[in-house]
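Here is a short briefing on one protein model. Keep the structure in view as you read.

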Amino acid sequence: MFPPPPDNYEHGRRCEDVLVHGLRRCRDEGRHSLASDPPHADFVDLAQGLFAIGVTSERVRMFTMLRDPIERALSEYLHVRFVLGRDRQCRETGRRGSIWAWDYVAPCNFTLKQFATDPTYAPARNRQTRMLAGSAGRTPAELYASESQMLAQAQHHLRRLSWFGLTDAINLSLSVLPTSLRQAATLGRRGRVKVRPATTRHREQVESEPGYHEALEALRAHNRGDSQLYAFARSLLDDVVAGRARFADTLAHQSTTVRSPPVATLLEAGRRPDVA
């Protein structure tokens with residue numbers, strides 16, 4: 001299970017504690033999109049939350065962005081160390097403090113090599129695959145027989161999305177963005193939480209620290225699932241651009257080329273409690 005946040009955590013409770021409430025509010029207020037205030041939740045969390053408020057998959061259109069796996073992992077490290085660490089405990093406590101980063105706790109000024117190799121930070125590995133496949137609040141080993149099965153589930157869910165984009169092919173991705181989603185995508189950009197990002201100076205500092213290149217190699221080794229998912233997404237995007245494939249109309253779309261367990265099976269396997 002995720003570590004509990006510290007008492008002075010500023011951004012509220014864990015997403016699974018508030019997700020269904022947020023979806024219910026979205027329904028009750030007559031809003032039609034979560035793009036302007038997206039929850040930090042994986043595919044199973046969203047599916048369970050939608051089911052709990054009576055929203056069928058035929059009424060849902062979902063989209064996401066995928067990043068180069070090594071750049072994403074490095075970005076997470078920089079964000080935790082220099083943004084969360086700056087804005088929370090580490091500013092007052094220095095090296096003696098710790099940083100709560102959603103599903104792991106890191107000491108102030110932890111190194112990239114520690115982040116890449118220490119099992120403490122395993123939740124950050126293959127995060128895109130885990131989020132898209134769905135974890136039901138469990139570790140991958142509790143839900144999937146192998147990493148390849150988790151990858152197949154993530155690929156299956158990717159095919160069900162109404163659109164996805166790749167950060168290193170953003171113009172190509174936007175060229176096939178469905179017209180009906182352009183307003184939602186614009187709202188999503190406007191509604192993003194404004195934070196002070198890690199800067200080029202922070203990245204240069206990390207690059208100069210001992211063990212940087214070894215850490216990159218470790219990140220590549222521990223994020224092979226994300227690398228395979230990203231390659232699959234690029235191939236699928238190329239097919240959409242060429243007219244050989246198309247995005248799903250709604251979340252109810254079922255791929256005929258990828259066989260994997262349905263969300264309900266994952267929820268049962270995860271043994272998560274029913275949502276009130």
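Met65, Ile170 and Leu174 form a nonpolar patch on the surface. Together these three residues have about 220 Å² of accessible area. The model is predicted.

**The patch**
- Ile170 belongs to helix H9, which covers residues 170–175.
- The relative accessible area of Ile170 is 33%.
- Ile170 counts as partly exposed because 33% falls between the 20% limit for buried and the 50% limit for exposed.

**Two residues with positive phi**
- Most residues other than glycine have a negative phi.
- Asn109 has a positive phi of about 65°, although it is not a glycine.
- Find Asn109 in the loop between strand S3 (105–107) and helix H5 (112–117).
- Asn109 is partly exposed, with 35% relative accessibility.
- Asn126 is not a glycine either, and its phi is positive, near 50°.
- Asn126 sits in the loop that runs between H5 and helix H6 (127–133).
- Is Asn126 buried or exposed? Asn126 is buried, because its relative accessible area is 8%, under the 20% cut-off.

**The whole chain**
- The protein chain has 14 helices and four strands.
- The chain holds 276 residues, and 44% of them are buried.
- Take the contacts with a separation of 6 or more: 73% of them join residues 24 or more positions apart.
- The protein chain exposes about 15100 Å².

Conventions
Residues are numbered from 1 along each chain as its sequence is written. This is a predicted model: local features need pLDDT of at least 70, side-chain atom pairs count only at pLDDT 80 or more; totals for chains, interfaces and linings use all residues. Side-chain values use heavy atoms; hydrogens and water are left out. Patches are made of residues with over 30% relative accessible area and no salt bridge: like charges are joined within 9 Å, nonpolar side chains (Val, Leu, Ile, Met, Phe, Trp, Tyr) within 5 Å. Accessible areas come from the Shrake-Rupley method with a 1.4 Å probe; for residues, only the protein chains shown count as cover. A salt bridge is a side-chain nitrogen of Lys or Arg within 4 Å of a carboxyl oxygen of Asp or Glu. Buried means under 20% relative accessible area, exposed over 50%, partly exposed in between (1.4 Å probe, protein chains only). Contact means heavy atoms within 4.5 Å.
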